[in-house]
Amino acid sequence: MRILIIGSNGFISKYYKKFSRLKYIISTSSKKNDKNIYFDILLHDIGNIIDDYKITHVVLFSAISNPLECERNKKLSSRFNVTMTKKILR
């Protein structure tokens, strides 16, 4: 089983990785660094990562979670939290 974590810099995802007993966890992040695969949910296609790493399961932690930010930028938060999540599920 190969698990892909989308949004690995968040609070919950960090604890998920820390306490998971799973061996094959691959992480993505919208921030470029050496620990994660660079993936911007608004720009990139997840299919390539799934194919390249032979992913069997995906855990989606990526979101605009701050209610004030969602209220200030409704279009972006809707696209990020709803539209792109649906796209990944397909």
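**View 1. The largest pocket of the predicted model.** The largest pocket has a volume of about 370 Å³. A pocket here is an open set of points on a 1 Å grid over the protein atoms alone, where a 1.4 Å probe fits, with protein on both sides within 12 Å along at least five of seven lines. Points that the probe fits but cannot get out of would form a cavity instead. Grid points are joined across faces, edges and corners, and the volume is the space filled by probe spheres set on the points. The lining has 20 residues, each with an atom within 4 Å of a point. G7, G10, F61, S62 and A63 lie nearest the pocket centre. By class, the lining holds eight nonpolar, ten polar and two charged residues. Nonpolar covers Ala, Val, Leu, Ile, Met, Phe, Trp, Tyr, Cys and Pro; charged covers Asp, Glu, Lys and Arg; the others, Gly among them, are polar. Helix 1 (11-19) and strand 2 (25-29) each supply at least two lining residues. Helix 1 gives the most, with three. Helices (H or I, at least four residues) and strands (E, at least two) are DSSP runs, numbered from the N terminus.

The model is predicted: local features need pLDDT of at least 70, side-chain atom pairs count only at pLDDT 80 or more, and totals for chains, interfaces and linings use all residues. Residues are numbered from 1 along each chain as its sequence is written, and side-chain values use heavy atoms, with hydrogens and water left out.

**View 2. S13 and its contacts.** S13 lies in helix 1. Its relative accessibility is 1%, so S13 counts as buried. Buried means under 20% relative accessible area, exposed over 50%, and partly exposed in between (1.4 Å probe, protein chains only). Not counting residues up to four places away in sequence, S13 touches I5, G7, S8 and F61. Contact means heavy atoms within 4.5 Å.

**View 3. I5 in strand 1.** Strand 1 spans residues 3-6 and includes I5. I5 counts as buried because its relative accessibility is 0%. Beyond residues up to four places away in sequence, I5 touches S13, Y16, K17, I25, I26, S27, T28, V59 and F61. I5 and Y16 are eleven residues apart in sequence. Their C-alpha atoms are 9.4 Å apart in space.

**View 4. The largest nonpolar core.** This core has 13 residues. A nonpolar core is a set of buried Ala, Val, Leu, Ile, Met, Phe, Trp, Tyr and Cys residues joined through side-chain atoms within 4.5 Å. Those with the most contacts inside the core are L4, I6, F39, I41, I46 and I49. Strand 1, helix 2 (46-53) and helix 4 each supply at least two core residues. Helix 4 gives the most, with three.

**View 5. I41 and K86.** I41 touches L60, S62, F80, M84 and I88, not counting residues up to four places away in sequence. K86 lies in helix 4. At 45% relative accessibility, K86 counts as partly exposed. K86 and I41 are 45 residues apart in sequence. From C-alpha to C-alpha, they are 11 Å apart in space.

**View 6. S77 in helix 4.** Helix 4 covers residues 74-89 and includes S77. S77 counts as buried, because its relative accessibility is 7%. Leaving aside neighbours within four places in sequence, S77 is in contact with I64, C70 and V82.

View 7. A pair of aromatic rings is described by the distance of the centres and the angle of the planes. Rings of Phe, Tyr and Trp (its six-membered ring) pair if their centres lie within 6.5 Å; planes under 30 degrees apart count as stacked, over 60 as edge-to-face and the rest as tilted. By this rule the model has three aromatic pairs. One of them, F11 and Y15, is tilted, at 5.1 Å centre to centre and 55 degrees between the planes. F11 is exposed at 63% relative accessibility, while Y15 is partly exposed at 43%. Y15 and F19 form a stacked pair, at 5.9 Å centre to centre and 15 degrees between the planes. F19 is exposed, at 57% relative accessibility. Ring pairs link F11, Y15 and F19 into a cluster.
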